[in-house]
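My notes follow in the order I took them.

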Amino acid sequence: MRILIAKDYDGMCQNGANLIAAQVLLKPESVLGLATGSTPCGIYDRLAGKYSAGELDFSAVRSVNLDEYVGLPPENDQSYRYFMQKNLFSRINIRPENTHVPNGLAEDIEAECRRYEQQVADYGYPDLQLLGIGLNGHIGFNEPAGDFPALTHRVALTESTINANSRFFKSLDEVPRAAITMGIGTIMRAKKILLAISGENKKEIARAAICGPVTPQVPASVLQLHPDVTVILDEAAAALL
Ligand code: PGA
């Protein structure tokens, strides 16, 4: 693992945007694995800025997102499709047909999981996968569990995740209880992984994921076994490393 520590959130986002921009410059038809959450917002801002400045071209880029809530339509401002449109896709020249987010409204969620896994496989898996980390160590919506799920699947969200995500909803009751997520096996097939961690409240889980034992109880710890991971942190999140 390469560890890059920046002074603050802005510096961490700068590092993240530079690494993603380098990937797109080196391979314009890159497959980017993308993430939602508050952590990547500043990274997406900078990528949109680089596009506006004429420094980056996304016209050949393909993207696959990690996850989506079950039951939320794309127009719902808490759906991850909505998040991606607002924070990145509408601000750059990526082709809409080249962007993929699991369909949380699919009638048959199991079939949608298989279709999505196949889509990611058909693309040859991401050249670069961006990840955040949950307070419980989840990546995508792979929650602490007894094993590492291999493929895209339906998950019941844990209490910790429902509580953490309730800040984006009007009430706790509105937070979806289930999601579709790439599996740990799907994520581990990415050629490069960029894990972004920011803030004092992530310092314990950052240490557990990076320095602790590899265990499905801390899903992000599996990244220690991947051959090409860069972790970008701010000083607050890196405090216990
Ligand atoms: P956050 O979420 O960036 O909003 O903290 C990260 C995650 O849960 O993966």
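I began with the largest cavity, which holds about 30 Å³ of space. The model I am reading is a predicted one. I counted cavities of 30 Å³ or more and found 1 in the structure. I then listed the lining of the largest cavity: Leu32, Leu34, Leu47, Phe58, Val61, Ser63, Leu88, Ile92 and Ile94. Sorted by class, this lining has 8 nonpolar residues, 1 polar residue and no charged ones.

Next I looked up the volume of the largest pocket, which is about 750 Å³. I noted that 38 residues line the largest pocket, and that Thr36, Gly37, Ser38, Arg167 and Phe168 lie nearest its centre. Two or more lining residues come from each of strand E4 (67-69), helix H3 (80-87) and helix H5 (159-165). Which element gives the largest share of this lining? I found that H3 does, with 5 residues. By class I wrote down 16 nonpolar, 17 polar and 5 charged residues for the lining of the largest pocket.

Where does the ligand sit? I found the ligand in the largest pocket. Around the ligand I listed Gly37, Ser38, Thr39, Gly132, Ile133, Gly134, His138, Arg167 and Lys202. This shell divides into 1 nonpolar, 6 polar and 2 charged residues.

I then looked up distances from side chains to oxygen atoms of the ligand. For Thr39, a polar side-chain atom is 2.4 Å from a ligand oxygen. For Lys202, an N or O atom of the side chain lies 2.7 Å from an oxygen atom of the ligand. For Ser38, the distance from a side-chain N or O atom to a ligand oxygen is 2.8 Å. I also checked how much of the ligand is covered: taken alone it exposes 280 Å², and the protein buries 81% of that.

I put the volume of the second largest pocket at about 180 Å³. Its lining consists of Arg2, Leu4, Leu19, Ala22, Gln23, Leu26, Leu128, Lys192, Ile193, Leu194, Asp228 and Thr230. Strand E1 (2-6), helix H1 (9-26) and strand E9 (192-197) each give two or more residues to this lining. I noted H1 as the source of the largest share, 4 residues. By class, the lining of the second largest pocket has 7 nonpolar, 2 polar and 3 charged residues.

How values were computed: Residues numbered from 1 in each chain as written. Predicted model: local features only at pLDDT ≥ 70, side-chain atom pairs only at ≥ 80, totals over all residues. Heavy atoms only, no water. Near = heavy atom within 4 Å. Polar contact = N/O pair within 3.5 Å; in protein donor to acceptor, adjacent residues only side chain to side chain. Areas by Shrake-Rupley, 256 points an atom, 1.4 Å probe, with all protein chains shown as cover. 1 Å grid on protein atoms, 1.4 Å probe; cavity = no way out; pocket = protein on both sides within 12 Å on 5 of 7 lines; lining within 4 Å. Sits in = over half its atoms within 2 Å of the grid points. Nonpolar A, V, L, I, M, F, W, Y, C, P; charged D, E, K, R; others polar. Points joined across faces, edges and corners; volume = space filled by probe spheres on them.
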